[in-house]
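Please read this report alongside the structure shown below. It covers strand pairing, the nonpolar core, a surface patch and charge pairing.

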Amino acid sequence: MNEIQTIEIRSEFDVFMARMQVRKLARSTGFDITSQARVALATSSLARALRLGETYQGHISIGRFDNGDRIGLQVACTAIQGENLDTSSRAFSDVRWLIDDLLVKRLPAGDLQVTLIKWVK
């Protein structure tokens, strides 16, 4: 993974700013316009599903990475003390079709992290 940018999420405006940064990084990584829109929409949809900026505070970390074979974008949304959030497959159905991989991880102290991965095609 290359440089990671982290945006603290305390309000819906912060989610909007994160979405803009994701789109900007997707553009510079080489995503076509449709994929840029998808990964940006997935970011804000995931933040909404996690109720970031509303019920929960947290952060969104954005980074470009290269695994040797492909280049992609990774967006990790973390809800602080989000242990009561629904992590069923239904909770993230609005997001899954927009991206290539989705990983859900419970962190210490009751935090919840959901990571999106989108590959350049």
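Two strands count as paired if DSSP finds at least two bridges between them. The model is predicted.

**Strand pairing**

Strand β2 (residues 58-66) and strand β3 (residues 71-79) meet that definition. They pair in the antiparallel sense over nine bridges. Within this pairing, H59 of the chain stands opposite T78 in β3. β2 and β3 form a hairpin, with four residues between them. G68 lies in the turn and has a positive phi of about 100°.

β3 also pairs with strand β5 (residues 112-119). Again the sense is antiparallel, here over eight bridges. The bridge partner of C77 in β5 is V114.

How well is β3 covered? Mostly: seven of its nine residues are buried. In a regular strand the side chains alternate between the two faces of the sheet.

**The nonpolar core**

The largest nonpolar core holds 29 residues. Those with the most contacts inside it are L46, L50, L52, I60 and L116. At least two residues of this core come from each of β1 (4-9), α1, α2 (33-49), β2, β3 and β5.

Take L46. Neighbours within four places in sequence aside, L46 is in contact with C77, F92, V95, V114 and L116.

**A nonpolar surface patch**

F13, F16, M17 and M20 make a nonpolar surface patch of about 400 Å². F13 lies in helix α1 (residues 12-29). Is F13 buried or exposed? F13 is exposed, because its relative accessible area is 53% and the exposed class starts over 50%.

**The salt bridge**

How many salt bridges does a search of the whole structure find? One. K121 forms a salt bridge with D100. Their closest N and O atoms are 3.0 Å apart. K121 lies in the segment after β5, and D100 in the loop between α3 (93-96) and β4 (101-106), so the pair ties together parts that are 21 residues apart in sequence. Side chains of opposite charge can pair when their charged atoms come close.

K121 is exposed, whereas D100 is partly exposed.

| Residue | Relative accessible area | Class |
|---|---|---|
| F13 | 53% | exposed |
| K121 | 74% | exposed |
| D100 | 29% | partly exposed |

Conventions:
Residues numbered from 1 in each chain as written. Predicted model: local features only at pLDDT ≥ 70, side-chain atom pairs only at ≥ 80, totals over all residues. Heavy atoms only, no water. Buried < 20%, exposed > 50% of the residue type's maximum accessible area, 1.4 Å probe, protein only. Patch = residues over 30% accessible without salt bridge, like charges linked within 9 Å, V, L, I, M, F, W, Y side chains within 5 Å. Areas by Shrake-Rupley, 256 points an atom, 1.4 Å probe, with all protein chains shown as cover. Salt bridge = Lys/Arg side-chain N within 4 Å of Asp/Glu carboxyl O. Core = buried A, V, L, I, M, F, W, Y, C linked by side-chain atoms within 4.5 Å. Contact = heavy atoms within 4.5 Å.
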